[in-house]
Amino acid sequence: MRSNDYSWTLLIACLLLLAAPAIAHHSFTAEFDSDAPVLLKGKVTKVEWINPHAWIHLDVVQEDKTVVSWMVEGGTPNTLLRAGINKNTVKIGTEIVVHGYQAKDKACKPACKANGRDISLPDGRKLFMGSSGTGAPRDGADPRERKRSK
Amino acid sequence: MHRPGSATIAIALVLGFVLALPAWAEQWQSPQMSWGVPDLQGTWTNATITGLVRFDEIEDLVLTPEAASQLEEGTADFFESIDEVPEGELAAGENVGGYNTFWMDPGRRLARVRGEIRSSLIVEPEDGKLPYSWRGYYRIAKRLWGLRSFDNPETRLLGERCILGFGSTGGPPMLPVLYNNHYQIVQSPGFVMILVEMNHDARIIRIEGERLPGVIRPWLGDSIGHWEGETLVVETTQFNPGQNFRASLRHFIYLSSDAMVTERFTRLSEREILYEFSVDDPTTYNQVWRAEIPMLAADGQIYEYACHEGNYSLTGMLSAERDEE
């Protein structure tokens with residue numbers, strides 16, 4: 001190591017990881033509108049536990065009491081299956097909070113689409129509690145597991 | 001001349017056996033298939049936070065335990081920070097990001113090879129970098145430029161189209177990516193099959209087989225294998241031109257269709273296969289480059305990744321472009 005300071009290395013790692021979803025299964029930048037952030041609160045109506053990415057559907061009640069259906073993109077279910085989480089873990093009717101960006105295609109057919117930049121329960125806990133920060137099964141190898149436990 | 005008695009010989013034999021025990025125990029013997037070749041079967045994972053290419057700030061291939069711990073902790077901290085979003089709505093004009101990190105599974109540990117903690121998967125050249133020639137850089141740049149097009153599905157990456165996994169996860173060479181880093185190996189006389197979780201691709205390796213006619217360019221190339229002692233050696237070429245560019249989180253690699261990838265699989269223990277490979281592609285790289293990746297036994301099974309079933313994203317990207325037009 002040229003230096004004891006790993007800050008540059010970590011900075012580069014962080015930048016690469018930030019870009020990760022864009023070069024993972026597909027380009028989120030191409031699909032979602034960075035000028036259209038959304039904060040959605042509503043009850044889960046359906047979970048599409050499919051590949052390559054899962055979609056969680058929810059109904060959002062607007063201020064005028066009308067209901068708008070949204071579908072929010074997650075990642076591959078395979079990772080969560082390894083953590084013992086399946087589609088039945090998310091009960092229909094569960095209230096969730098989604099931070100994300102709306103799709104550039106705003107036709108909203110069959111539902112308005114957004115990415116699930118962060119999906120949590122109303123009290124702030126992540127939707128899939130029990131997983132570690134990386135979402136992978138705990139095997140004792142993660143030095144941060146104990147800290148992240150909830 | 002004094003001759004040792006039978007009791008002395010017996011004691012010497014017992015002592016010799018006891019003293020030899022540790023060395024014997026260390027020399028682990030790979031299980032064998034019934035037809036006399038090493039048994040590589042099982043479900044394995046190559047997930048690691050060690051990237052293919054070494055960061056500029058790190059000079060050495062081998063990290064000290066302290067440096068490794070710092071990197072592993074820093075990466076874990078960063079993953080945790082991704083999910084920290086502000087109260088209220090996200091800011092407009094920012095990177096849209098992706099989804100919660102609980103969906104990701106890139107591993108948490110740096111690669112350990114023969115007891116060494118590695119800063120890059122590449123071991124040759126010594127600087128841990130891909131030795132691109134200018135022609136190689138041009139090829140990468142041209143492909144990246146082509147990715148600006150959303151005119152039709154054919155302009156998009158194979159991963160986006162669910163044809164092959166992104167980032168060379170199916171290889172060869174088989175590289176770790178953001179998730180689904182699982183592989184299942186099944187052997188039969190004359191064949192080795194590697195099922196790649198991303199995108200449920202199956203590599204069929206013909207042992208001592210003949211090459212396909214040159215005009216045939218299958219996805220994942222044409223793989224012929226042979227055994228060198230305890231090691232399975234696989235040579236692959238005749239890549240489909242559509243598979244030349246392979247992009248992922250930490251690497252952009254380009255392999256011309258006539259590149260030769262040589263892989264070596266050696267079972268080191270009950271729970272580890274050492275996966276080594278070299279890439280010989282003189283029209284893209286200035287030299288042959290080599291890498292080493294531990295493949296560790298995975299607890300649990302490999303899952304289907306039926307990518308085509310729910311690929312809303314490709315239509316989402318194309319419709320977004322139509323909307324902007």
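# Close-up views of a predicted two-chain model

View 1. Chain A contains four helices and six strands, and of its 150 residues 43% are buried. Among contacts in chain A between residues at least 6 apart in sequence, those that join residues at least 24 apart make up 52%. The mean pLDDT of chain A is 74, with 67% of its residues reaching 70 or more.

**View 2. Two stretches of chain A, residues 1-9 and residues 11-24, carry pLDDT values below 50.** The mean pLDDT of chain A as a whole is 74. Over residues 1-9 of chain A the pLDDT is below 50, and the model gives this stretch 15 contacts beyond near neighbours in sequence. For residues 11-24 of chain A, where pLDDT likewise stays under 50, the model has 24 contacts beyond four places in sequence.

**View 3. Strand β15 of chain B, residues 289-297, is shown with a pairing partner, strand β14 of chain B, residues 272-280.** The strands β14(B) and β15(B) run antiparallel and are joined by eight bridges, and within this pairing B:E272 has B:L296 of β15(B) as its bridge partner.

**View 4. Strand β6 of chain B is joined to β1(B) and to β7(B).** Four bridges join β1(B) to β6(B), the two strands running antiparallel, and B:T43 stands opposite B:Q184 of β6(B). The pairing of β6(B) with β7(B) is antiparallel as well and extends over six bridges, and in this pairing the bridge partner of B:Q184 is B:L195 of β7(B). The strands β6(B) and β7(B) form a hairpin that has two residues between them, and B:G190 in the turn has a positive phi of about 90°.

**View 5. The largest nonpolar core has 58 residues, of which B:V177, B:Y183 and B:V279 touch the most other members.** The elements that give two or more residues to this core are β6 (182-188), β7 (191-196), β10 (231-237), β11 (245-247), β12 (252-254), β13 (260-269), β14 and β15, which belong to chain B. Leaving aside residues up to four places away in sequence, B:Y183 touches B:W44, B:M174, B:I194, B:L195, B:V196, B:E197 and B:M295. Another core, of 24 residues, lies apart from it and includes A:V38, A:V72, A:A114 and B:F150 among its members.

**View 6. Three strands of chain B form an open sheet in the order β2-β4-β3, with antiparallel pairing.** The edge strands are β2 (62-63) and β3 (112-113) of chain B, each of which pairs on one side only. Strand β2(B) pairs with strand β4 of chain B, residues 116-118, in the antiparallel sense over two bridges, and B:L63 stands opposite B:I117 of β4(B).

**View 7. The loop between β15 and α4 (312-324) of chain B holds B:G310.** Because B:G310 has 17 C-beta neighbours inside 10 Å, this residue counts as partly exposed. Not counting residues up to four places away in sequence, B:G310 touches A:E48, A:I50, A:N51 and A:P52.

**View 8. Helix α4 of chain B packs its buried residues against elements of chain A.** The 13 residues of α4(B) should span 18 Å at 1.5 Å a residue, and this agrees with the end C-alpha atoms, which are 18 Å apart. Within α4(B), the residues B:S313, B:G316, B:M317, B:S319 and B:A320 are buried. The elements of chain A against which the buried residues of α4(B) pack are α2 (28-31), β4 (95-103) and β5 (112-115).

Technical notes:
Residues numbered from 1 in each chain as written. Chains lettered and ligands numbered in written order. Predicted model: local features only at pLDDT ≥ 70, side-chain atom pairs only at ≥ 80, totals over all residues. Pairing = 2+ DSSP bridges. Core = buried A, V, L, I, M, F, W, Y, C linked by C-beta atoms within 7 Å. Buried ≥ 20, exposed ≤ 12 C-beta atoms within 10 Å, placed from the backbone. Contact = placed C-beta atoms within 7 Å. pLDDT = per-residue confidence, 0-100. Expected span 1.5 Å × (residues − 1).
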